[in-house]
Amino acid sequence: MVIWFIGMSGSGKSILSQEIAKNYHSQTGKLPIILDGDVLRASYCDNLGYKKSDRIVSSYRKSRLAKIFFDQGHFVICSLVCLYPEVKEWIEQKINKNKFIFIETPIEDLIKRDSKDLYKGALNGTTSNVAGVNLEYPIFANPDYYIFNNQSEKKFLEHAKMILDLCEL
């Protein structure tokens with residue numbers, strides 16, 4: 001199984017991934033593979049920028065890496081800012097057990113959580129290609145699970161159990 005978290009920077013993808021991993025480990029004794037977008041960008045996609053074409057290449061790379069681990073029998077959790085339709089189509093053709101989770105978060109909340117100063121830079125004009133601000137952000141259509149994240153962290157993390165139940169692991 002591969003769980004795909006899709007949401008803008010600061011939406012909660014990483015923290016929810018960690019919570020699902022913790023719950024999965026306590027239930028099964030196994031550790032899932034977590035492919036965090038920021039970690040992968042810093043190591044595996046560090047030669048790419050943030051414009052749309054680079055984001056698509058980055059998503060393909062991350063998807064191929066997820067497939068390698070999935071093919072070896074691992075439970076994989078992958079976080080992406082954007083999942084463009086052509087990449088989703090590739091995933092659905094190549095990986096037969098997927099759950100797509102879309103986390104929508106109001107821009108006001110993202111700005112408040114802006115630990116990387118992405119939104120601050122985009123709004124004051126010093127940073128370009130920030131998804132949802134000065135780069136078009138494709139809303140993910142027909143996810144398997146949808147979260148509107150304007151909640152407290154505790155309430156937000158309650159989704160981890162529901163997502164694991166959805167995956168029927």
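How much space lies in the largest pocket? About 770 Å³, where a volume is the space filled by probe spheres set on grid points joined across faces, edges and corners. A pocket here is an open set of points on a 1 Å grid over the protein atoms alone, where a 1.4 Å probe fits, with protein on both sides within 12 Å along at least five of seven lines; lining residues have an atom within 4 Å of a point. Keep in mind that this is a predicted model: local features need pLDDT of at least 70 and side-chain atom pairs pLDDT 80 or more, while totals for chains, interfaces and linings use all residues. Residues are numbered from 1 along each chain, and side-chain values use heavy atoms, without hydrogens and water.

Now look inside. The pocket has 37 lining residues, with Ser9, Gly10, Lys13, Asp38 and Lys116 nearest its centre. Elements giving two or more residues to this lining are α1 (13-28), α2 (37-43), α3 (52-71), β3 (76-80), α6 (118-123) and α7 (153-157); helices (H or I, at least four residues) and strands (E, at least two) are DSSP runs, numbered from the N terminus. The largest share, 4 residues, comes from α3.

Where do they meet? Ile56, Ser59, Tyr60, Ser63, Arg64 and Lys67 in α3 touch Glu86, Val87, Trp90, Ile91 and Lys94 in α4, contact meaning heavy atoms within 4.5 Å.

Back to α1, another of the pocket's lining elements. With α8 (residues 159-167), α1 packs at about 60°, the axes 9 Å apart.

Terms used:
Axes fitted to C-alpha atoms, helices over the stretch in contact; angles between N-to-C directions.
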